[in-house]
Amino acid sequence: MVIVAILAGALIGLSLGALGGGGSILTVPALVYLVGMDPRAATTGSLVIVGVTAVVGMLAHRRDGHVRMLQGLVFGLVGAAGAVAGTRLSLAVAPDLLLAGFSVLMLAVAGIMLSRRRVPAGSGGPGPAERVPFDVPIIAFKPRFICACPRAAKVVVAALAVGLMTGFFGVGGGFLVVPALVLALDFPMPVAVGTSLLVIAMNSATSLVARAGSGLEIDWTVIALFTGAAVIGSLLGARIVTKVRPQTLQIAFAGLIIAVGLYTAARSFPALLG
């Protein structure tokens with residue numbers, strides 16, 4: 001069990017560090033099916049693993065200039081508010097229906113990412129001269145008040161949607177945060193990956209606070225081993241981002257989402273229809 005926890009943790013950390021997502025999607029099944037942990041305890045344990053790993057990975061990305069702290073903090077705070085509402089909504093939905101919807105969501109996000117990658121620069125979208133650079137502030141008060149309100153509204157809607165879906169489906173949200181940062185803020189993929197880790201850490205901390213005092217029995221030794229291996233994997237993943245083209249990362253990220261989405265569909269739809 002110790003070896004399994006270490007290997008699984010390393011692989012999950014690698015996905016978090018290199019792709020900025022996949023952690024909570026893979027952590028809960030690993031803890032349940034490979035380690036034999038109770039699903040509710042696994043969900044709580046995964047928040048610790050993913051949260052700690054995200055913080056360490058985010059610090060590594062920040063040294064490389066791939067984290068936008070202000071945008072990430074704002075995105076995380078707005079998303080946390082949406083997550084509270086999403087959590088309440090999820091209580092009224094059957095688990096199999098949640099998983100079925102979850103699989104459809106992942107496949108849809110992967111399709112958006114791949115279709116965006118294939119659109120040529122001059123095929124009707126905004127050209128380089130028309131696009132707003134990602135590091136230009138949306139709202140500024142000095143030297144004069146400036147508000148790019150349409151862009152601000154897009155960011156708020158995206159953050160709320162990510163938070164709602166994160167709370168509704170009970171996952172860390174990295175697989176949603178990265179495409180949201182790419183689509184809503186036009187972040188380059190490495191910057192979206194690094195900033196998403198900040199958002200993931202905030203979401204994990206919020207969820208842990210909400211679960212405090214639940215009385216779940218958790219094997220903290222396994223969680224500690226899993227977390228340590230995941231941290232090492234995330235540091236290796238952060239190095240991969242600096243050596244691989246953003247387009248390659250985007251394809252890999254979409255491939256991860258498709259694989260997990262198809263597996264989730266294969267497990268959930270037969271139970272839902274049966």
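Mentor: Residues are numbered from 1 along each chain as its sequence is written. In this predicted model, local features need pLDDT of at least 70, side-chain atom pairs count only at pLDDT 80 or more, totals for chains, interfaces and linings use all residues, and side-chain values use heavy atoms, without hydrogens or water.

Trainee: Why is serine 268 called buried?

Mentor: Buried means under 20% relative accessible area, exposed over 50%, partly exposed in between (1.4 Å probe, protein chains only). Serine 268 has 1% relative accessibility, so serine 268 counts as buried.

Trainee: What is serine 268 in contact with, leaving aside its neighbours within four places in sequence?

Mentor: Asp96, Leu99, Ala100 and Ser103. Contact means heavy atoms within 4.5 Å. Serine 268 itself lies in helix H10, residues 246–273. Helices are DSSP runs (H or I, at least four residues), numbered from the N terminus.

Trainee: Which class does leucine 272 fall into?

Mentor: Leucine 272 has 35% relative accessibility, so leucine 272 counts as partly exposed. Leucine 272 is also in helix H10.

Trainee: Which residues make the nonpolar surface patch?

Mentor: Leu97, Val104, Phe269, Leu272 and Leu273 make this patch of about 460 Å². H10 gives the largest share, three residues.

Definitions and conventions. Helix = DSSP H or I, 4+ residues; strand = E, 2+ residues; numbered from the N terminus. Patch = residues over 30% accessible without salt bridge, like charges linked within 9 Å, V, L, I, M, F, W, Y side chains within 5 Å. Areas by Shrake-Rupley, 256 points an atom, 1.4 Å probe, with all protein chains shown as cover. Salt bridge = Lys/Arg side-chain N within 4 Å of Asp/Glu carboxyl O.
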